[in-house]
Amino acid sequence: MSDGREEREEQEQRRKWEKEKKEREDELDRDWERDGERERRDSRAVETLDAEVRAQSGQRTRRSFLVAAAAAAGGYGFYRWIDRSPGDQLIKKPLRKMLEFNAKLSRGVFDERGLAPTYPVDRSMELRTNGNYGLKMDLMPESYRLQMVGVADAKGLTQYVDDVTAWEYKYVAKKKAGPVEHDTKVAPKAAAVVGDGPQSKVDPNGDAGMGEGPMMQGGAASTMAGGNGEKSDVKMPPAFEAAFAALKKAQGNKRPRGHEEAGMSDNTLDPGTPGLLLKMDDVASLPHHELVTEFKCIEGWSQVVHWGGYRLADLIEKYPPEKKPDGSLPKYVYMETPDGDYYCGFSLQACMHPQSLLVTEMAGQPLAQWHGAPIRLHMPIKYGYKQIKRIGLIAYTDMRPDDYWTKLGYDWYAGL
Ligand SMILES: Nc1nc2c(c(=O)[nH]1)N[C@H]1C(S)=C(S)[C@@H](COP(=O)(O)O)O[C@H]1N2
Ligand SMILES: [Mo]
């Protein structure tokens with residue numbers, strides 16, 4: 001082998017690739033700044049025009065008033081028009097247009113190809129399991145709700161609640177031993193090392209010591225018994241017990257969030273955050289889509305997978321973000337698991353990508369818990385570590401959201 005040369009070439013290639021990626025990201029940042037400028041200017045123009053229209057409408061005929069109003073709406077009143085659109089159908093189109101427009105301005109988020117390649121379904125295979133943060137206990141499907149925060153006119157919707165954080169997800173009580181479900185591909189090795197509450201040093205999911213990056217292999221056995229949330233039989237001194245009880249009460253008897261290495265997300269919602277609690281039916285009422293694309297883990301492996309579910313863009317169009325006071329849209333989307341242990345941040349544009357999918361089926365089967373049931377993300381323009389499993393929250397935000405692996409030093413964009 002001409003090892004030296006090959007290695008040099010590879011390094012050269014990698015450097016080139018990284019430089020290009022950096023340039024894309026810088027350009028994206030500049031685009032976003034420009035967009036913000038543009039949007040602020042546009043909304044100022046809308047205000048001026050609106051004021052003019054109001055001032056002139058006293059003296060002018062009704063007809064010329066309408067012409068002026070139409071000019072304002074056509075020229076600059078884009079955001080106002082969305083404001084005034086009463087129904088879903090009307091909101092849909094202008095919002096989509098605007099996002100497409102923004103996406104064009106910041107092409108950098110997407111791979112230059114725009115779309116990730118797709119494959120014939122017979123090339124697809126069963127996806128291996130990798131990473132179990134936020135999935136260590138099985139979620140009871142009836143207790144599932146998708147929290148959405150930052151949605152425009154949320155208060156008027158039937159799914160509105162004053163505090164989304166008060167929603168209680170229920171988990172299946174785990175057996176400590178005995179037969180536990182597992183993926184037949186993987187030996188149920190974790191059964192032997194099942195954790196025993198917070199004191200346990202052994203990762204109850206069998207991934208202890210298997211890696212420290214987003215490539216560690218949780219194994220399908222990861223859906224098996226977790227120590228979390230289980231009662232410990234250890235007797236505490238009464239003073240401790242009282243203090244512990246007080247602490248528990250203060251946090252609403254809730255398990256603390258951010259149990260894994262990266263800790264709690266900076267975007268953890270404050271108690272009392274209003275929003276929507278969507279049911280599966282709300283999501284399942286969107287048009288169904290299937291996609292056969294390559295899933296890539298940053299570790300280097302990739303697999304062609306057959307996905308089924310709903311476009312994230314369709315969900316966003318149905319529940320669009322609330323605009324900022326200057327009329328522009330928030331630039332980011334944040335997602336996390338119901339327990340807050342795993343979390344990801346995205347640009348709104350990446351979420352509007354037509355191949356960004358809220359996945360409910362894999363290989364024509366309902367999604368398994370260890371793959372992120374009831375809803376996980378597939379985003380073929382990004383590495384696997386952005387493809388969050390078991391999405392509990394989708395929040396619109398204007399600050400670049402926190403991200404589990406970014407906290408540990410990985411690239412935030414994770415673009416392919
Ligand atoms: N909730 C959650 N989602 C997650 C992870 C995780 O640990 N927890 N790991 C990520 C990583 S690093 C990868 S490669 C993919 C693996 O998805 P899979 O197990 O369905 O193959 O999930 C991603 N999403
Ligand atoms: Mo990964």
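Student: Why is strand β7 (residues 343–347) described as largely enclosed by the rest of the structure?

Tutor: Five of the five residues of β7 are buried, so the strand is largely enclosed. A residue is buried if 20 or more other C-beta atoms lie within 10 Å of its own, exposed if 12 or fewer, and partly exposed in between, with C-beta atoms placed from the backbone. Strands (E, at least two residues) and helices (H or I, at least four) are DSSP runs, numbered from the N terminus.

Student: What should I know about the model before going on?

Tutor: This is a predicted model, in which local features need pLDDT of at least 70 and side-chain atom pairs count only at pLDDT 80 or more, while totals for chains, interfaces and linings use all residues. Residues are numbered from 1 along each chain as its sequence is written, and chains are lettered from A and ligands numbered from 1 in the order in which they are written.

Student: What is the mean pLDDT of the chain?

Tutor: The mean is 74, and 59% of the residues reach 70 or more; pLDDT is the predictor's confidence in each residue, from 0 to 100. Over residues 100–113 the pLDDT is below 50, and this stretch has 26 contacts in the model beyond near neighbours in sequence. Two residues are in contact if their C-beta atoms, placed from the backbone, lie within 7 Å. Residues 178–211 also stay under 50, with 69 contacts beyond four places in sequence. Where pLDDT is low, the predicted coordinates should not be read in detail.

Student: Back to β7: which residues lie on each side of it?

Tutor: Y343, G345 and S347 are on one side, with C344 and F346 on the other, and all are buried.

Student: How many bridges join β6 to β7?

Tutor: Five bridges join β6 (residues 332–336) to β7, and the two run antiparallel. Two strands pair if DSSP finds at least two bridges between them. Y334 has G345 in β7 as its bridge partner. The hairpin of these strands has six residues between them, and G340 there takes a positive phi near 75 degrees.

Student: What is the order of the strands in the open sheet?

Tutor: The order of this six-stranded sheet is β2-β3-β1-β11-β6-β7, with mixed pairing. Because β2 (160–161) and β7 stand at the edges with a single partner strand each, one side of each is left without a neighbour in the sheet.

Student: And the strands in between?

Tutor: β1 (residues 146–149) pairs with β3 (residues 275–278) in the antiparallel sense over three bridges, and L146 is the bridge partner of L278. Three bridges also join β1 to β11, but these run parallel, with M148 partnered by I394. β11 pairs with β6 in the antiparallel sense over five bridges, and Y332 stands opposite T397. Four of the five residues of β11 (residues 393–397) are buried, so this strand is largely enclosed as well.

Student: Changing topic, which residues are closest to ligand 1?

Tutor: The closest are G131, Y133, P214, G384 and K389, among 20 residues that surround ligand 1; a residue is near a molecule if its C-beta atom, placed from the backbone, lies within 6 Å of it.

Student: Finally, what does L358 touch, leaving aside its neighbours within four places in sequence?

Tutor: L358 is in contact with V283, G309, Y310, L312, L315, I375 and L377.
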